[in-house]
Amino acid sequence: MNYDIIVVGAGHAGCEAALASAKMGKNTLLVTSNINNVATLPCNPSIGGSAKGIIVREIDALGGTMGRIADKTALQMKMLNSSKGPAVRSLRAQVDKVTYPKEMLKTLKNQENLTLLEGMVEDLIVENNTVLGIILEDNTKITSKKVILTTGTYLKADILVGSERTRSGPSGEKPSMHLSDKLASYGFEILRLKTGTPQRIDKNSIDFSKTQVEPGDKVCYNFNTEEHTEYDTTAQVPCHLIYTTPETHKIILDNLNKSAMYGGRDDITGVGPRYCPSIEDKIVRFKDKERHQLFIEPESIYYDDMYLQGFSTSMPRDVQEKMVHSLPGLENAKINKYAYAIEYDAIYPTQITRSLESKVIKNLYTAGQINGTSGYEEAAGQGIIAGINASLSLENKEPLILKRNEAYIGVLIDDLVTKGTIEPYRMLTSRAEYRLILRHDNADIRLTDYGYKVGLIKEDRYNKFKTKKENIKELLNLLKEIKLTPTISNNELLTKLNSANIKDSISLYDLLKRTEITINTLLENTLLEDSYDDEVYEQAEITIKYAGYINKINKEAEKMLKYEEKQIPQDIDYNKIPNLASEARQKLLKVNPTTIGQALRISGVNPSDISILMIYLRKKYNE
Amino acid sequence: MEDTIAAISTALGVGAISVIRISGDKSLEIINKIFDKDLSNAKSHTIHYGHIIDNSEIIDEVLVSVMLSPKTFTKENIIEINCHGGINTTNKVLELVLSNGARLAEPGEFTKRAFLNGRIDLTQADGIMNLIEAKTDISRKMSINQLNGEASNNIKKIRKKLVDIVSNIEVNIDYPEYEDIEVVTSEKIYPLVLNIKEELEKIIKKSEDGKIINEGIKIGIIGRPNVGKSSLLNTLLEEEKAIVTDIEGTTRDIVEGKIIINGFVCNIIDTAGIRETDNIVEKIGVNKSYDIITSSDLIIMILNNNERITEEELELLSMIKKKNHIIVINKIDLENKLNLYVEDAIKISIKDNTGIEDIKTRISEIFNLDKITTDDMSYLSNARSISLLKQALYKIKESLANIENNTWVDIIELDLKECWNILGEIIGETYTDELIDEIFSRFCLGK
C-alpha cells in the first residue's frame, strides 16, 4: 500500500497534520501505538491560555480542528487578561479529558482519505537521504511519498518518580525504543528534554470549603473563528485555588535529597522547562516566598481525578503523600496518580526548515514535541502546518510559511528553526514582537485567506468570511460619514458620558478615538443604528482605537519584511564567504537561513556579518 | 591630486593616548611644520619621539609614526601622532595639523581611500562602511568606549528599572492568574516611569556637556541682511584672534570661525540674510538659515533697533522658539524704530563696541560652561549615543502620555520595552531572550 502521507503519532500535532493532509485530498495514514488513546491530554486539563489560546484560534482560522473540539468539550471557559488590552486577551478552556479524545477520534474516523492504524513505528525507510515510508515494530513496511513525525514524548521515554526510573510513555503507554537512535544514525542531532506533571487527587477526598472557587466567565467565548455560539455559562465546572503552607515547605526542604532532581542523581540529563518548575524548585529558588498558589482543576465529569496545578514534583511517593496532606482542604486527600517527570528525545529544531521539512532527510516533516516544544497548542499549530506543507509539496506548490507579523504559529516556527531551543519551548506573548496585531479577535482576518488558498476552508465558509470583512469596511466608512453636530443636546450627551464637548462637527469615527467612547455607547444612545454582528463592531472599534499603535507596529513589520524578501540561495557555501566571523559562519552553516531576515535573528550573527553576507550575495548572484 | 586628510582616530574622551592620523602627499610636509624634529628622511614604519610645537610653544609631548606609501592602510603616506595630553590638547594638535594644510577627514574617508587605492576590495570596504552605518559591533563598541564608566552604569541602572517593570507586566500577561505576583497598573508605574524620565534627562544633559567638550558648541547667527551679522562675527573673532574661513562653493553665504569661551570651543556660523523676496537665490539663503537653525546648538538672532520688525523676522523668531537662542538687538546707537519687545534681549552696538561681552556671558550661562568640569569624562559621548538617549527619552515620554490617557498597561509596556532596547543598543546589549530569562529568574511560575 502506498500512501501520499504517513503521520506517525496521533497526539495533537499528529491529528491536525493528518486531518489537514486528508482534507487536502491526500491519501493519508495515521499510525498510533494505541488507537483508543488519540489526542489525549496527559498533563493539564486545559486547551488555550495566554498566547496559546491565540494559537488555537489561528489553527481554527486555517481550517484546523483543535478549537472546535475544545469548544465542544469545554467544562469551563475563561478569557484571560480581559482587564488588559485586546492584544493580550487569550481564551482558555478547561476541557473534559474523556470527551476531548473521543471527539477527536470520531473526527478522524469520519474524515475521508484518512486511514487509522495501530502500530509502533521503530524505523523509517530511507534511501539517498529521502524517506520512502515507515517500518513497524513487527518489521511491516509501509511506503509513502511523505512522512510526518509527531512522536511527542514517546522517543525513549523514561518516567521518573523519586529515585525510580522506568522506560515508559505517559500513563503507562509503550514508548518507541529505537526510532530516535535510527534518527541519529540518519544524521539527526538528538536532544534530551524533560517535563513533569503534578498529582491527580480524588475529588471526593477534597474539602472544597477550604478552597477559593474560580468560576468560568459569564460571557460566552469560542475558539471557533467562523461563528459565535452561545452556551449555558451557569453550567460551567469551577476550578479551585489553594496555597501551600509552611508545613508543605518544611516537608519539601527536609526531603530535598530524595527529589530526583535535587538528590544529586547524575543520570538525569533532560533539560526541563523553566516556566514549569517543580514545587521543590520553586521553594529552593524563591526562599522568601511564604506560599505558592495551586489550582485544583477538574479533569472530567466522567471520573474523579482533579489536577493539582503548580505542584509538579520528582519526590518519591511517600513524600508526595505528606506534601499533599499538608495542603488546605487536602488533609485527607487520596492521590489517584502521583506526580512524575518524563524524559524523552527530541531533535534540535535548527535541523528543520520553516516549512517543517527536515534538512537531514528529504520528504520527512516533524511537528510538536519532537521539535522541542511543549504544550498541546504549540504541537497542534505545527501539526497543521506540517500537514499543509507536506500536501502542498505533493502539489508542487510553495510551502505555507507564516510570518512573524501574521501569526503566533509563525513566531513559534521561526523561533524554533532559527534560534533552536535547549529547553521545551513554550509560547509566551513576550516572544511575539508584533503581538499588537496577533490578537485573539483578528485570527480569522489574518489567516482565513491562507486556509482557503490551501484548500482547508470551503467556499461557503469563505464567503461568510468575505461578507464579514466587507461589513467591517462598510461600518468603518459609515462611522466616517455619520457626523455628530455641536448641538446643545449632543453636548449634553457628551457631558453625561464624561467626554469633552465639541465645537465643530465630529465624525463618529473620530469620536471613537476617545477612550471613554465605545461602539456600545454609540448604539445605546442611538447615535448608530444596530445592524452588524458583535464581531464586526469589535473589529471596527479596535481598528479605530488602536490605529496609532497598529500603524507603528505595521511599519516595524514592514522593515522586517524587506529583509524577509531577500532570499538566500540554499546552495550557498558559507565557507566561501571571506571575512565572516567564525561564530557567525558556524551558526549560518547550521541554520542555513532562507532569508536575510531569518539570518538576522540568529543569535551570534551580527549586523556586520549580515553586511558581508549581503555584499557577497550581490556580487555572486547579480553579476 | 587628493587632499591630505586628518582626523582623531581614537575614541574621544577616554584613554591616556589619542591618535591623530594624517594621510596624503602632504603628510610629511605638515608634520615637519609642527614637530620639533625633521622627519623628511625618516624611514618607513618608524616611530619618533618629540614635541608638537606651535610658534615655539610646546603643545604636547608625542610619538610620531611614519608610514610611507605604498605599504599603508590607504596606500598613501600616513603619519600618526600619539598625543598624551588629553582632549583639549589633542584638539589643539588637530587644529594645528588642519591649519598647516590638511583637511578634516569625513567619516569613513580613510577606508574609502584604502578602497580607491586598491588596498582593500569592495567587499571589505562596503562591509566596513556598512559597519559604520549600521548598528554594528564596531559602532557599538565605539559608543561603549565613549560611554564607559559612570554613564554606562547609570544606563544599566535605568535598564534594570525598566526590566523590572517590563518583565513584571509580561508576567502579568503570560500568567494572569498568579495572584501572588504583583499586578502592575498604570498608577503604580507612573512614578517609576517619571523617575526614569528624569534620570534619562540628567544623562542626556551630562552627555551633551560631554559633546560640548568634544565637539564644541555650534552657534548660528541669523538675521536680515545688514543687521550686523558679519560685523558681530568679526568682532567676536577679532577679539579671540581666531581664523575666518570661507567655505568653498558657498562663498559669502556662510562664513564661520572659532572662538573660545571659558575654555570651550564655539564654532560660529554666519548665514545669508533673510529678505522679503521671491528671488530664488535669496530663498536658498532662507533655507540655509533653516538648516543652520536645525543643526546648531544655539542660535543668535540679530534684530535692527533702527527698523520695524518684518514678517520674515517674526517667522524666524517662531522657528527658534524651541531652541537655545539669544536675541540680540543691534544698532542701539541709532533711533529706536523696532516695534517689538523681547524679554532677555541683549542690546548692543557693534559700532560702539558695547554689549559684546554680554553675549559671551549669556552663551556661558546657557551651557553652564563654568560648571562643566573636564574631569567628569565618564559622560563624554558621541552624537549617536546622544541621539539614542533622546529616542529612549521620547519613548518614555510616550509611555507617560499613555499612562495619563489611561491606555492599557500592555500597550504602555511596548514603549518601555522599546526604551529598554534602545538603551541596550547604547551599551551593546540587545537580546529579547534576555528579557525572557529575566522573567523566569525573577518570578515563580509554573504548573
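Before anything else, one term: a residue is buried if 20 or more other C-beta atoms lie within 10 Å of its own, exposed if 12 or fewer, and partly exposed in between, with C-beta atoms placed from the backbone. Now some housekeeping. What we have is a predicted model, where local features need pLDDT of at least 70 and side-chain atom pairs count only at pLDDT 80 or more, while totals for chains, interfaces and linings use all residues. Residues are numbered from 1 along each chain as its sequence is written, and chains are lettered from A and ligands numbered from 1 in the order in which they are written.

Okay, chain A as a whole. Chain A has 20 helices and 22 strands; helices (H or I, at least four residues) and strands (E, at least two) are DSSP runs, numbered from the N terminus. Its C-alpha atoms fill a box of roughly 80 × 75 × 50 Å along the principal axes. The radius of gyration, taken over C-alpha atoms, is compared with a globule rule of 2.2 Å times the number of residues to the power 0.38. For 623 residues a compact globule would come out near 25 Å, and chain A has 26 Å, so the two agree. Of those 623 residues, 52% are buried.

How about contacts? Two residues are in contact if their C-beta atoms, placed from the backbone, lie within 7 Å. Take the contacts in chain A between residues at least 6 apart in sequence: 72% of them join residues at least 24 apart.

There's a domain assignment too, with bounds that come from an automatic or database assignment. For chain A it gives domain 1 (200-341), domain 2 (459-550) and domain 3 (566-622). The centres of domain 1 and domain 2 of chain A, over C-alpha atoms, are 45 Å apart.

Is α1(A) enclosed or open? Twelve of its twelve residues are buried, so the helix is largely enclosed by the rest of the structure. Among them are A:His12, A:Glu16 and A:Lys23. After α1(A) comes A:Gly25, with a positive phi near 85°.

Buried or exposed? A:Lys26 counts as buried, because there are 22 C-beta neighbours inside 10 Å. Leaving out residues up to four places away in sequence, A:Lys26 touches A:Asp4, A:Ile5, A:Ser21, A:Asn113, A:Ser391 and A:Leu394.

On to the cores. A nonpolar core is a set of buried Ala, Val, Leu, Ile, Met, Phe, Trp, Tyr and Cys residues joined through C-beta atoms within 7 Å. The largest has 163 residues, and A:Ile6, A:Ile148 and A:Tyr408 touch the most other members. Which element gives this core its largest share? That's helix α13 (residues 409-427) of chain B, with eleven residues. A second, separate core of 33 residues includes B:Ile222, B:Val227, B:Leu303 and B:Ile350.

Now some strands in chain B; two strands pair if DSSP finds at least two bridges between them. Strand β11 (residues 298-304) of chain B has seven of seven residues buried, so it is largely enclosed by the rest of the structure. B:Leu298, B:Ile300, B:Ile302 and B:Asn304 point one way, and B:Ile299, B:Met301 and B:Leu303 the other. Strand β7 (residues 217-222) of chain B runs parallel to β11(B), joined by four bridges, with B:Ile219 opposite B:Leu298. β11(B) also pairs in the parallel sense with strand β12 (residues 325-330) of chain B, over six bridges, and there B:Ile300 stands opposite B:Ile326.

Last stop, an antiparallel pair. Strands β3 (residues 46-54) and β4 (residues 57-67) of chain B pair that way over nine bridges. Their hairpin has two residues between the strands, and B:Asn55 takes a positive phi near 50°. B:Asp54 has B:Glu57 as its bridge partner in β4(B). On to β5 (residues 78-83) of chain B: β4(B) pairs with this strand in the antiparallel sense over five bridges, and B:Ser65 stands opposite B:Glu80.
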